[in-house]
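Please read the following report alongside the sequence and the coordinates.

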Amino acid sequence: LHVEDKSPAQQGGLAGGDIIVELCGQPVSGADDLQRLLTEEVIGTTVRLVALRVGRKLEIEIAPIETPSR
């Protein structure tokens, strides 16, 4: 996982190399799953995220925001 500076992910406690395995109680096995779960209903709300960091389980809360198109 790449985490951009000052992003909601970084502010929530995620770091580069973390592996997201769950979002909102739903399993995440890849980027497609993560995109599918980041719906309009989730944007701007606080959600629970589970990640692995160096083999340890990490549970955090983040508030996803919509990223402008590049």
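## Surface and charge

The chain exposes about 5100 Å², of which carbon and sulfur atoms supply 50%, the accessible areas coming from the Shrake-Rupley method with a 1.4 Å probe, with only the protein chains shown counting as cover for residues. The chain carries 7 positive and 11 negative side chains, and the centres of these two sets lie 8 Å apart; here Lys and Arg count as positive and Asp and Glu as negative, while His and the chain ends are not counted, and the place of each charge is taken as NZ of Lys, CZ of Arg, CG of Asp or CD of Glu.

This is a predicted model, in which local features need pLDDT of at least 70 and side-chain atom pairs count only at pLDDT 80 or more, whereas totals for chains, interfaces and linings use all residues. Residues are numbered from 1 along each chain as its sequence is written, and side-chain values use heavy atoms, with hydrogens and water left out.

## Overall dimensions and fold

With 70 residues, a compact globule would have a radius of gyration near 11 Å, and the chain agrees with this at 11 Å; the radius is taken over C-alpha atoms, and the globule rule is 2.2 Å times the number of residues to the power 0.38. Along its principal axes the C-alpha trace spans about 30 × 25 × 20 Å. Buried residues make up 26% of the 70 residues, where buried means under 20% relative accessible area, exposed over 50%, and partly exposed in between (1.4 Å probe, protein chains only).

The secondary structure comes to two helices and four strands, and from the N terminus on the elements run α-β-β-α-β-β. These elements are DSSP runs numbered from the N terminus, helices being H or I with at least four residues and strands being E with at least two. Among contacts (heavy atoms within 4.5 Å) between residues at least 6 apart in sequence, 40% join residues at least 24 apart.

## Salt bridges

How many salt bridges does the structure hold? There are five, a salt bridge being a side-chain nitrogen of Lys or Arg within 4 Å of a carboxyl oxygen of Asp or Glu. In one of them the side chains of Arg53 and Asp18 meet with an N to O distance of 2.8 Å. This pair links distant parts of the chain, with Arg53 in strand S3 (residues 47-53) and Asp18 in the loop between helix H1 (8-12) and strand S1 (19-23), 35 residues apart.

Arg48 is partly exposed at 34% relative accessibility, and Glu22 is partly exposed at 21%. In helix H2 (residues 31-37), Asp33 and Arg36 lie three residues apart, about one turn of the helix, and their side chains meet in a salt bridge of 3.5 Å, N to O. Salt bridges that share partners also join Glu22, Arg48, Lys57 and Glu59 into one network.

## Residues with positive phi

Cys24, in the loop between S1 and strand S2 (26-27), has a phi near 55°, a positive value in a residue other than glycine. Cys24 counts as partly exposed because its relative accessible area is 36%. Val54, in the loop between S3 and strand S4 (56-62), likewise has a positive phi, near 50°, without being glycine, and with a relative accessible area of 82% Val54 is exposed.

Leu52 is placed in strand S3 and is partly exposed, with a relative accessible area of 33%. Leaving aside its neighbours within four places in sequence, Leu52 is in contact with Gly17, Asp18, Ile19, Val21 and Lys57. Leu52 and Gln35, by comparison, are 17 residues apart in sequence and 18 Å apart in space, C-alpha to C-alpha.

Gly44 is found in the loop between H2 and S3 and counts as exposed at 61% relative accessibility. Gly44 and Glu66 are 22 residues apart in sequence, with 8.1 Å between their C-alpha atoms.
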